[in-house]
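Let's take a walk through this model together, one piece at a time. Keep the picture open beside you as you read.

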Amino acid sequence: MDKIVIEGGVPLSGEVAISGAKNAALPIIAATLLAPGVHRLYNVPPLADIRTAKKLLGLMGVQFEDGEPLVVDSSRLTGWMAPYETVKTMRAAVLVLGPLVARARQASVSLPGGCAIGARPIDQHLKGLEAMGVKITLNQGYVEAKAKRLHGADITLDLPTVTGTENLMMAATLANGVTRIINAAQEPEVSDLARFLTAMGAQIEGIGTDVLTIQGVKALTPASYTIMSDRIEAGTYLAAAAITKGQVTITNAPVPHMAAVLEKFHEAGVRLSTAGNRIMVEPGGSLTGVDVKTRAYPGFPTDMQAQYMALMTLAKGAAVITETIFENRFMHVSELERLGADITVSGNHAIVRERRQLHGAPVMATDLRASASLVIAGLAATGATEVLRVYHLDRGYARLVEKLSALGARIKRVAA
Ligand code: EPZ
């Protein structure tokens, strides 16, 4: 397992381009199952999770041709199973459930099981599919789904689950009749999927709102589509620039979808400005502790909580960080403390108190965004920081070491 070694203390400078959004590309790749034929996807990020998704769909007979665009041929469907060994490493594999029951009228998808950040059940996915006429049975850890033609339904979600909304929206596109998903997730990646489905001929109203109305159609046709850029990757580089008091321009950022993050960083004293899809970060601001609560979109995203916490470790005063989405998303706290951070966790609150300096140390990545927060802290810490188990980072950050090196960071990846 590789590790990343960082000699901190260098103010980042230069320009970094943001890649395609992992959490848009994953549902869109799954959606190609809905329309047999050749799809062309542009701006797909080169990530471990994308490779996992291609392997998973490959098991079902889908063929891929790497390049720009990524060519996806879903003409032949020879299987409809998502095995445990795939789903346990990537929860997003459950996104094949909706498309498979819509196209193949059956699916056998492993329950995801828990993960580092929480239990993450899929009860809302299953409730919605049953409402559309899918027969669900649980058998040895697998969801066995069987259906005749799906029919439209009114589905009110208990909570705005992102992949739950995506699974149900995909299934509804080929159902007989109208489906309304109420209390739908409004994340931009859900809207990106909806636009891809529309490009395939789906009829969807309310995109970007908490009520999605889908008029089922008989068939969809393959489409070409450009994936949106990744607001969480952009926020991660924003935090890295801010904590190192650097002068950085972030290009190809989905600025309109980053309002809550940009506002919070501005409130905390980060000097930033935007122009189109560019975010300019300047040194000179003085970081002040500002509280944050994670919320479903358009609130402050839970996927930016760990990165923001790293920034707050060096901010004046204190900041209370409240995680409202996942029950266990503070795994990065004990690792940040190894770098000298002063953090107290009480329930779903983390109180981060000012430290003058962080000091490098070996730390352990536990999940994707926790590992990003350790890199951010390591960039500011004096001395060497070693981040172990960097496979977590590979899941969601394309060419992280190259991008940070190009910004002047003293960072390298070594085989551990
Ligand atoms: C998506 O996960 C993202 N992943 C996550 O990003 C992100 O953190 C999360 O949404 C919240 O924004 C992808 O889009 C591939 P949820 P998802 O269903 O859909 C509970 C990253 O770092 N819940 O919105 O799995 C669940 O337990 C990843 O890129 C139910 O109770 O999240 C959680 O506490 C991490 N029942 C909360 O809702 C359900 O049926 C939010 O989960 C579904 C979810």
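This is a predicted model: local features need pLDDT of at least 70, side-chain atom pairs count only at pLDDT 80 or more; totals for chains, interfaces and linings use all residues.

Strands here are DSSP runs of E with at least two residues, helices are runs of H or I with at least four, and both are numbered from the N terminus. Two strands count as paired if DSSP finds at least two bridges between them.

Residues are numbered from 1 along each chain as its sequence is written, and side-chain values use heavy atoms, with hydrogens and water left out.

Back to the sheet. Strand β3 (residues 38-42) and β14 run parallel, joined by three bridges. If you look for R40, its bridge partner in β14 is S224. Contact means heavy atoms within 4.5 Å. Angles like this one run from 0 to 180 degrees between N-to-C directions, using axes fitted to C-alpha atoms, for helices over the stretch in contact.

Now zoom out. The protein chain splits into domain 1 (2-19 + 229-415) and domain 2 (22-226), with bounds that come from an automatic or database domain assignment. Taken over C-alpha atoms, the domain centres are 30 Å apart. Where the domains meet, 23 residues of domain 1 are in contact with 20 residues of domain 2. Together they bury about 1700 Å², 53% of it on carbon and sulfur atoms; that is the accessible area (1.4 Å probe) that two parts lose on being put together, summed over both.

What else turns up across that interface? The rule finds two salt bridges between domain 1 and domain 2, a salt bridge being a side-chain nitrogen of Lys or Arg within 4 Å of a carboxyl oxygen of Asp or Glu. R231 and E189 also form a salt bridge, with their closest N and O atoms 2.7 Å apart.

The structure holds 15 salt bridges. One joins the side chains of K3 and E386, at 3.2 Å from N to O. This pair links distant parts of the chain, 383 residues apart: K3 sits in strand β1 (residues 2-7) and E386 in strand β23 (residues 384-388).

There is another open sheet of four strands to find, in the order β18-β19-β21-β20, again with mixed pairing. Its edge strands, β18 (292-293) and β20 (342-346), each pair on one side only. Two bridges join β18 to the parallel strand β19 (residues 318-322), and V292 has I321 as its bridge partner in β19. Across β18, β19, β20 and β21 (349-353) lies helix α10 (residues 305-312), running at about 170 degrees to β19.

Finally, a few loops are worth a look. The peptide bond from E68 to P69 is cis, with omega near 10 degrees, and P69 is in the loop between β4 and β5 (70-73). Y297 and P298 are also joined by a cis peptide bond, with omega about 10 degrees; P298 lies in the loop between β18 and α10.
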